[in-house]
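Open the model in your viewer and keep the sequence panel beside it.

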Amino acid sequence: MREKVIEKYVSFLLKYHTYSRKEILTIRYGVENTLLFLEKIIIILVIGYLLGILKIMCIFMLFYMGIKTFSGGMHASSSFSCLLISLVIFIASPIIGVHVYFTLLEKFLISLFVFAIFLIYSPADTHKKPIRGPKIKMLKIKSLIIIDLYCISSFFVTNYIGNLLIISLLVQACMISPIPYKLFGLPYNNGRREKDENFS
C-alpha cells in the first residue's frame with residue numbers, strides 16, 4: 001500500500017518535471033518517511049484514545065517535539081523499533097505525568113541535571129542526518145533556551161502540565177545521550193566525528 005502511494009506520487013511529479021535519478025531517490029525517501037511518520041502517529045493516537053489519555057498525550061507530544069526539534073536525538077534503525085519506542089514514550093510519560101507529583105526541590109534538581117545533559121550532548125544527530133559546523137552551536141543555544149522556558153514554567157504550573165514539561169525534558173535528555181545509541185548499536189556524534197576524521 002505504502003509503495004503504491006509513493007509510486008503514484010513520483011509518477012505525478014514526473015508528469016510536470018524531469019528529475020535525475022538521485023533526485024527521485026531523495027523524493028521517494030522523503031515521501032516514505034512522511035508516510036511512516038503519519039502511520040506511527042495514527043497508531044499512537046488511536047491507542048491513546050482507547051486508553052483514555054488522548055488529551056494528555058497530545059499535550060506531552062507538543063512539549064516533547066518542542067525540545068526535540070532543536071536537540072535531535074536517537075532514531076531507531078527500523079520503523080518497527082521506532083514505533084515501539086514511541087509507544088513507550090508517548091503512553092508511559094502522560095500516565096506518569098498525571099500520577100506522579102514533583103516537589104519544587106525535585107523540579108530544581110531535575111532542571112540542573114537536564115541542563116547539564118543538554119549542555120554536553122545537544123544537539124545529537126544521526127548517521128543519516130549529521131549536524132555540522134555553526135549549526136551545532138545554534139541548535140544548542142536554542143535547545144538551552146527551550147529548557148529554561150520549560151523549567152521556569154514548571155515551577156509556576158503545579159498540575160500535571162508542569163509534570164509533563166519536566167518529563168519531556170527527562171525523556172529527551174535520555175534520547176540525546178550516548179546510552180540509547182550504544183544500546184541500539186548506532187553511531188554517535190556523526191557530524192563532529194566526520195570533522196575529526198577529515199583533519200586526521
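Which residues does S168 touch, not counting residues up to four places away in sequence? Select S168 and show its surroundings: the residues touched are F60, F63, Y64, I67 and Y150, where contact means heavy atoms within 4.5 Å. This is a predicted model, in which local features need pLDDT of at least 70, side-chain atom pairs count only at pLDDT 80 or more, and totals for chains, interfaces and linings use all residues. Residues are numbered from 1 along each chain as its sequence is written, and side-chain values use heavy atoms, with hydrogens and water left out.

S168 has a relative accessible area of 0% and is therefore buried. Buried means under 20% relative accessible area, exposed over 50%, and partly exposed in between, with a 1.4 Å probe and protein chains only.

Next, select residues 160–176, which form helix 7, the helix that holds S168. Helices (H or I, at least four residues) and strands (E, at least two) are DSSP runs, numbered from the N terminus. Helix 7 has 17 residues and reaches 24 Å from its first C-alpha to its last, close to the 24 Å expected at 1.5 Å a residue; the expected span is 1.5 Å times one less than the number of residues. Of these 17 residues, 13 are buried. At the start of helix 7, look at N159: one of its side-chain oxygens comes to within 3.1 Å of the backbone nitrogen of I161.

Now show helix 3 (residues 54–71) and helix 6 (residues 134–156), which pack at about 155 degrees with axes 7 Å apart. Axes are lines fitted to C-alpha atoms, for helices over the stretch in contact, and angles run from 0 to 180 degrees between N-to-C directions. Helix 3 and helix 6 are therefore roughly antiparallel, since angles over 145 degrees count as such, under 35 as roughly parallel, 65 to 115 as roughly perpendicular and the rest as oblique. On the helix 3 side, select L62, F63, G66, I67, F70 and S71; on the helix 6 side, L139, K142, S143, I146, I147 and Y150.

Helix 5 and helix 6 pack at about 175 degrees, with their axes 10 Å apart. This pair is therefore roughly antiparallel. Residues in the contact include F108, S111 and F115 of helix 5 and S143, I147 and C151 of helix 6.

Is F113 buried or partly exposed? F113 counts as partly exposed, at 46% relative accessibility.

Move to the loop between helix 5 and helix 6 and select S122. S122 counts as buried, at 0% relative accessibility. The S122 side chain makes a polar contact with the side chain of S143 at 2.9 Å. Such a contact is a pair of N or O atoms within 3.5 Å; within protein, one must be able to donate a hydrogen and the other to accept it, and residues adjacent in sequence count only if both atoms are side-chain atoms. The peptide bond from S122 to P123 is cis, with omega near -5 degrees.

Finally, zoom out. The chain has nine helices and zero strands, and its C-alpha trace spans about 60 × 50 × 30 Å along the principal axes. Of its 200 residues, 39% count as buried.
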